[in-house]
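Please look over the structure below before reading on. The report that follows takes up its chains, its charged side chains and its backbone.

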Amino acid sequence: MSFRIIVLAKQVPDTRNVGKDAMKADGTVNRGALEAIFNPEDLHALEQALLIKEERKDAEVILLTMGPPRAAEIIREALYRGADKGYLITDRKFAGSDTLATSYVLSMAVKKLAPFHLVIAGRQAIDGDTAQVGPQVAEKLALPQVTYTEKFTEIKDEEVTIRRRLERGVETVSTPLPALVTVHSSAAQCRPRNARLLMKFKHARTISELQEETKDYTEMLNNKPYLQIDEWGVSDIDAGEEQLGLSGSPTKVKKIENVVFAAKESIVLSSEDNDIDRLMKELIDSHVVG
Amino acid sequence: MHNIFVYCEIDEGQVADVSLELLTKGRKLANELGCKLEAAVIGHNLKGIEKEIYPYGVDTLHVADDKRLAPYTTLPHAHLVVNLFEKIKPEVALFGATSVGRDLAPRVASKMRCGLTADCTSLVIGDHKDNKSGKEYKSLLYQIRPAFGGNIIATIINPETRPQMATVREGVMKREIFDKTHKGSLKTIKAADLLTDDLFPVQILERHMEKKKINIKASPIIVSGGYGVGSKENFELLNELAEVLGGEVGASRAAVDAGYADHERQVGQTGVTVRPKLYIACGISGAVQHTAGMSESAKIIAINNDPGAPINQIADYSIIGNIEDIIPKMIKFYKKNTK
């Protein structure tokens, strides 16, 4: 049996680089205009898996992502860097899932890939910054969890030793396998794409992507079955519909307010009472303070 | 029985600051809802810990004291918290958004199958009507947080599931003693009976914790002073404003060189780079060496008596005048408008 590592990853809008073209006329962000990227800490997670693969010849790295059809892009990115296989979990019924519903879906998909040794995910995704999905998947799978991983210091068949980066220090822990581990941004950066793997996997496609292609992939896929990226929907992972999407999400968004970034034109105020009063009111109303 | 609950974290034998801040908030929410404030401390050698906690207005304190509970590991703490929630069924449960809280709260929420909102910056009680079902909900917890890299502010609610869970970062809420003489009741959690061996798969082999350091980088609000502040005494005003707003004090190199502030507070090219939500530059002219370290702040307020100071060009608001005059007014009107 191989030493199976499942990496959980997410495609996210690049909220760190909100450029001019992503701003709407009213100063709010046009989310559609942001570039879709491999969530940064999930890349750190992938690197940890690839490092283990270098150390253990029997290791197998599988990338699992849940998202819209275009999220297959990050599966290819993972294949280019050394992952062995990827699965895209996609279904319209997943829309509106909060962290709890998301972790339910991911946990059901991970179960399909059992037996496995490690599930590795980034600590958090930059679009929500919640850091909740990792621990929640661990709970759903009844696995021990080790969060904020910086380095695997020892890998054995049935146990790993991990250095964790805490807010104010470091901690070294051991956990029996299987376990779920989340990876901190202080861990090693992910390696770049490998040219040979890029050539090998550049035609890797999901079924949805093949339907959009004008080129005929039939022969290529027959000769190179590894180019087929598996796509799973609700029924493939035996998920209960009441536990996904909006109905499976206990949190509801009541209101969204856009933070308005005004062009830098200073408002000049005096030290008079009414000016300062007005300023403090504005800061409180816009949640800058308070 | 549907009370407000706060998980109190222990940090070097004391209750963590963030927990005391949450207790302060929890007391206010409990008063508003007309319910009680409950809290739990889980750890080891906790004798007398209630003396630290009662003054913040805790009515019932649950204590689990066992050698195996410190230092923190996920499963035993999660098990005890879930067990307690099943018994006391809290309406609201608050955790610090710390290494511990962000590890523990999601595990608990998943087990309870209830909603959790991370890193809330504001918690308010309000009603809700579901547009689809027409169902009305009274007195929900509005969990307000920035999302999408700070580009939006979302108000999240958990209409159906309990407890309504949220985490809050240190320094976001104010910390205030409710009543020095307040006494609650102490309830012992029988940890020895509840903890089974299978809850300890993760073993801590080594731990290096650093002393608490000033970390202005992490602060969402920075009140920073330059040479123009004029004296160490005037710098005290900046401390006051920072404390009231829940922020940290920063300084320019000139202010550090003049001995007004410690080096670890220095912002700029030779200090730290910060990107807070709000940067208040007091008596800072705005030399590029300084602005390099703070120009990406979401909002900048410059207080300066020179209308031509370069800092005004990158500021969202420039207040022209003396800081001795302006800062006390900012404190006064902040307090007035948040009441």
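Predicted model: local features only at pLDDT ≥ 70, side-chain atom pairs only at ≥ 80, totals over all residues.

## Helix α2 of chain A

The residue that follows α2(A) is Gly82(A), and its phi is positive, near 130°.

Chain A has eight helices and 14 strands, and its C-alpha atoms fill a box of roughly 75 × 50 × 40 Å when taken along the principal axes. Of its 290 residues, 57% count as buried. One buried position of chain A is Met280(A), which counts as buried because its relative accessibility is 0%; Met280(A) lies in helix α8, residues 273–285. The C-alpha atoms of Met280(A) and Gly290(A) are separated by 9.7 Å, with the two residues 10 apart along the chain.

Chain B contains 10 helices and 18 strands. Its radius of gyration is 22 Å, close to the 20 Å that the globule rule gives for 339 residues, so chain B is as compact as a globular protein of that length. The C-alpha trace of chain B spans about 70 × 55 × 40 Å along its principal axes, and buried residues make up 58% of the chain.

## Salt bridges

Side chains of opposite charge can pair when their charged atoms come close. Over all chains, the structure holds 42 salt bridges. In chain A, the side chains of Glu171(A) and Arg164(A) meet in a salt bridge with an N to O distance of 2.9 Å. Glu171(A) counts as buried because its relative accessibility is 2%, under the 20% cut-off, and Arg164(A) likewise counts as buried, at 7%. Elsewhere in chain A, Glu47(A), Glu54(A) and Arg191(A) are linked in a network of salt bridges.

In chain B, Asp59(B) and Arg27(B) meet through their side chains in a salt bridge of 3.0 Å, N to O. This pair links distant parts of the chain, since Asp59(B) is in the loop between α2 (50–53) and β5 (60–65), whereas Arg27(B) is in helix α1 (residues 17–33), 32 residues apart. Both Asp59(B) and Arg27(B) are buried. Another salt bridge of chain B, at 3.2 Å from N to O, joins the side chains of Asp66(B) and Arg68(B); here Asp66(B) is buried, with a relative accessible area of 11%, while Arg68(B) counts as partly exposed at 34%. Asp66(B) and Ala191(B) are 125 residues apart in sequence, yet their C-alpha atoms are 6.5 Å apart in space. Ala191(B) lies in helix α5, residues 191–194 of chain B, and is buried with a relative accessible area of 3%.

## A negative patch on chain B

Which residues form a negative surface patch? The patch is formed by Glu233(B), Glu236(B), Glu240(B) and Glu243(B). Glu233(B) has its place in helix α6, residues 232–245 of chain B, and counts as exposed because its relative accessibility is 60%, over the 50% cut-off.

## Backbone features

Most residues other than glycine have a negative phi, and most peptide bonds are trans. Chain A has a cis peptide bond from Ala114(A) to Pro115(A), with omega near 0°, and Pro115(A) is found in the loop between α3 (99–112) and β6 (118–122). A cis peptide bond also joins Leu177(A) and Pro178(A), with omega about 0°; Pro178(A) is found in the loop between β9 (169–176) and β10 (179–183).

Positive phi values in residues other than glycine occur at Asp129(A), where phi is near 55°, and at Asn45(B), where phi is near 60°. Asp129(A) is found in the loop between β6 and α4 (133–140) of chain A and counts as partly exposed, at 26% relative accessibility. Asn45(B) lies in the loop between β4 (37–43) and α2 of chain B and counts as exposed, at 65% relative accessibility.

Methods: Residues numbered from 1 in each chain as written. Chains lettered and ligands numbered in written order. Heavy atoms only, no water. Patch = residues over 30% accessible without salt bridge, like charges linked within 9 Å, V, L, I, M, F, W, Y side chains within 5 Å. Areas by Shrake-Rupley, 256 points an atom, 1.4 Å probe, with all protein chains shown as cover. Salt bridge = Lys/Arg side-chain N within 4 Å of Asp/Glu carboxyl O. Lys, Arg positive; Asp, Glu negative; His and termini not counted. Charge placed at Lys NZ, Arg CZ, Asp CG, Glu CD. Helix = DSSP H or I, 4+ residues; strand = E, 2+ residues; numbered from the N terminus. Buried < 20%, exposed > 50% of the residue type's maximum accessible area, 1.4 Å probe, protein only. Rg over C-alpha atoms; globule rule 2.2 N^0.38 Å.
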